[in-house]
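Morning, everyone. I'd like to walk you through one model today. Please bring up the view and keep it open while I talk.

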Amino acid sequence: MNIDDLRKNMKSILSDSRYRHSVGTEEVCFDLALIYGEDTLKASIAGIIHDCARYLTGDELIEECERNNIMISDVERKRPHLLLHSKLGAIYAKEKYGIMDEDILKAIEFHTTGRPAMSRLEKILYIADYIEPNRNMIQSIDYIREIAYQDLDEAIRIITKQTLEYLSSNINLIDPLTKETYDYYVNQCK
Ligand code: DGI
Ligand code: FE
Ligand code: FE
């Protein structure tokens with residue numbers, strides 16, 4: 001599918017607010033790609049479809065992941081809407097939307113938790129998802145937006161730090177990968 005078709009498809013399957021978030025993410029992905037010398041089309045594609053499995057219920061996500069032989073950890077089984085929509089999204093990107101580029105698929109797969117040693121495209125999607133213009137109720141968001149245009153690793157360090165703080169304050173379950181991402185980028189930023 002070309003990017004216009006991807007946009008139309010996302011508009012038809014996602015809620016209005018989730019679609020607006022996806023378009024916002026696409027736009028920030030494009031800008032960051034331009035600044036950091038990444039392929040702008042790849043970044044835009046990753047941005048528009050990153051939440052393509054976000055409309056499913058928790059039970060449906062578990063069912064679909066099992067059908068696709070994706071291993072489900074205990075934490076993922078307890079928070080499927082947060083932690084499985086990215087994994088299944090990568091599968092859908094390939095199977096439903098014909099995206100074969102491994103870097104785009106990895107960016108989608110890890111856009112919620114991040115991971116250590118992300119590629120430049122993975123970093124761009126991870127950050128764009130957090131700072132796109134429709135996200136406003138986030139602590140220090142304008143500061144993080146400024147940093148994102150100067151230093152990708154530092155932006156990831158701050159985002160993962162805030163995410164862990166947010167998850168702890170809500171007694172939420174933390175995926176080990178979220179913590180590993182934070183530890184890795186703290187080290188990178190020393
Ligand atoms: O799908 P979006 O809402 O656009 O964004 P996302 O895929 O980055 O998901 C963000 C949510 O996921 C946010 O509320 C924080 C949460 N999250 C990130 N890491 C973890 C997590 N939730 C849990 N339970 N555990 C994690 O490790
Ligand atoms: Fe997401
Ligand atoms: Fe998102």
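Before the ligand, one definition. When I say helix, I mean a DSSP run of H or I with at least four residues, and helices are numbered from the N terminus. Also keep in mind that this is a predicted model.

Let's start with ligand 1. Which helix gives the largest share of its shell? That is α11, with 3 residues. Helix α11 spans 152-169. Two other helices, α2 (16-36) and α6 (80-83), also supply at least two shell residues each.

Now the shell by class. There are 6 nonpolar residues, 7 polar ones and 7 charged ones. Of the 20 residues around ligand 1, the nearest are T112, R135, L173, D175 and T178.

Three of these make polar contacts that I want to show. Start with L173: a polar backbone atom there sits 2.6 Å from a nitrogen atom of ligand 1. Next, D175. Its contact also uses a polar backbone atom, 2.7 Å from an oxygen atom of the ligand. Then T178, where a polar side-chain atom is 2.7 Å from an oxygen atom of ligand 1. How much of ligand 1 does the protein cover? On its own, the ligand has 570 Å² of accessible area, and the protein covers 89% of that. The space ligand 1 takes is the largest pocket.

On to the metals. There are two iron ions to look at, ligand 2 and ligand 3. They are 3.5 Å apart. Which residue coordinates both? It is D51.

Take the iron ion, ligand 3. Its protein donors are H21 through NE2, H50 through NE2, D51 through OD and D129 through OD. The distances run from 2.2 to 2.3 Å. Along the chain, the spacing reads H-x28-H-D-x77-D.

Now the iron ion, ligand 2. Here the donors are D51 (OD), H85 (NE2) and H111 (NE2), at 2.1 to 2.2 Å. The spacing this time is D-x33-H-x25-H. Why does the pair D51 and H111 tie together separate parts of the sequence? Because D51 lies in the loop between α3 (40-49) and α4 (58-67), while H111 lies in the loop between α8 (102-109) and α9, parts that are 60 residues apart in sequence.

That's my tour. Over to you.

How values were computed
Residues are numbered from 1 along each chain as its sequence is written. Chains are lettered from A and ligands numbered from 1 in the order in which they are written. This is a predicted model: local features need pLDDT of at least 70, side-chain atom pairs count only at pLDDT 80 or more; totals for chains, interfaces and linings use all residues. Side-chain values use heavy atoms; hydrogens and water are left out. A residue is near a molecule or strand if one of its heavy atoms lies within 4 Å of it. A polar contact is a pair of N or O atoms within 3.5 Å; within protein, one must be able to donate a hydrogen and the other to accept it, and residues adjacent in sequence count only if both atoms are side-chain atoms. Accessible areas come from the Shrake-Rupley method with a 1.4 Å probe; for residues, only the protein chains shown count as cover. On a 1 Å grid over the protein atoms alone, a cavity is a set of points where a 1.4 Å probe fits but cannot get out, and a pocket is an open set with protein on both sides within 12 Å along at least five of seven lines; lining residues have an atom within 4 Å of a point. A molecule sits in a cavity or pocket if more than half of its atoms lie within 2 Å of its grid points. Ala, Val, Leu, Ile, Met, Phe, Trp, Tyr, Cys and Pro count as nonpolar, Asp, Glu, Lys and Arg as charged, and the others, Gly among them, as polar. Donors are N, O and S atoms within 2.8 Å of the metal (3.2 Å for Na, K and Ca); water is not among the atoms, so sites may look incomplete.
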